[in-house]
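User: I am new to this one, so please walk me through it piece by piece.
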Amino acid sequence: MSKQEAGCCAPLPEDPLAAEQAAELSAMFKALGDPVRLRLLSMIASGPDAGVCVCELTPAFELSQPTISHHLKLLRQAGLVDCERRGTWVYYWVRPETTDRMAAMLSGVSERRAVTA
């Protein structure tokens, strides 16, 4: 017999995050689990709406251009940024619909914790 069956605890509220949503969001958070990628996202988010050129991002790091491109590719695969080639350069911008989803999920956790505190 589990503790819950014995009545020691109130049942948990319904699961606020479905398994499919958790898998999607975890890929996004995993992409941000690297300090370089987190800094790249921050730099891109603080840039102009027209996008930030990769040539502006690379000098901020003591990493090779292919390594920076790899990190940007992982951010793209996670759906956090998008890009387009303009001539010989690639410009990146944040996908607000994705970052808004992440923020809403974290905000929901904070709100639920505030209610139970």
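User: Let's begin at the start of α3: which backbone nitrogen does a side-chain oxygen of Asp34 reach?

Analyst: It is the backbone nitrogen of Val36, which a side-chain oxygen of Asp34 approaches to within 2.8 Å. A polar contact here is a pair of N or O atoms within 3.5 Å; within protein, one must be able to donate a hydrogen and the other to accept it, and residues adjacent in sequence count only if both atoms are side-chain atoms. Please keep in mind that this is a predicted model, in which local features need pLDDT of at least 70 and side-chain atom pairs count only at pLDDT 80 or more, while totals for chains, interfaces and linings use all residues. Residues are numbered from 1 along each chain as its sequence is written, and side-chain values use heavy atoms, with hydrogens and water left out.

User: How many helices and strands does the protein have?

Analyst: There are 6 helices and 3 strands, and along the sequence they follow the pattern α-α-α-β-α-α-β-β-α. Helices (H or I, at least four residues) and strands (E, at least two) are DSSP runs, numbered from the N terminus.

User: Back to α3, then. Which of its residues are buried?

Analyst: In α3, which spans residues 35–45, the buried ones are Val36, Arg37, Leu40, Leu41 and Ile44. They sit on the same side of the helix, because they cover an arc of only 135° around the axis, the arc being that of the directions from the helix axis to the C-beta atoms. Pro35 and Ala45, on the other side of α3, are exposed. Buried means under 20% relative accessible area and exposed over 50%, with partly exposed in between (1.4 Å probe, protein chains only).

User: And what do those buried residues of α3 pack against?

Analyst: They pack against several elements, including α2 (19–31), α5 (65–77), β2 (81–86) and β3 (89–94), where contact means heavy atoms within 4.5 Å.

User: At what angle do α3 and α5 pack?

Analyst: The angle is about 75°, and the axes are 10 Å apart. That makes α3 roughly perpendicular to α5. On the α3 side the contact is made by Val36, Arg37, Leu40, Leu41 and Ile44, and on the α5 side by Ile68, His71, Leu72, Leu74 and Leu75. Axes are lines fitted to C-alpha atoms, for helices over the stretch in contact, and angles run from 0 to 180 degrees between N-to-C directions; angles under 35 degrees count as roughly parallel, over 145 as roughly antiparallel, 65 to 115 as roughly perpendicular and the rest as oblique.

User: Switching to the sheet: what is the order of its strands?

Analyst: It is an open sheet of 3 strands in the order β1-β3-β2, with antiparallel pairing. β1 and β2 are the edge strands, each pairing on one side only. Two strands pair if DSSP finds at least two bridges between them.

User: How many bridges join β2 to β3?

Analyst: The two strands, which run antiparallel, are joined by 6 bridges. Cys83 has Tyr92 of β3 as its bridge partner, and Val81 stands opposite Val94, also in β3. β2 and β3 form a hairpin with 2 residues between them, and in the turn Gly87 has a positive phi of about 70°.

User: Where does α3 lie relative to the strands?

Analyst: α3 lies across β1, β2 and β3, running at about 90° to β3. α5 packs on the sheet as well, touching β2 and β3, and its direction makes about 125° with that of β2.

User: What about Cys53, is it buried or exposed?

Analyst: Cys53, in strand β1, is buried, with a relative accessible area of 2%. Leaving aside neighbours within four places in sequence, Cys53 is in contact with Trp89, Val90 and Tyr91. Cys53 and Val90 are 37 residues apart in sequence, yet 5.8 Å apart in space, C-alpha to C-alpha.
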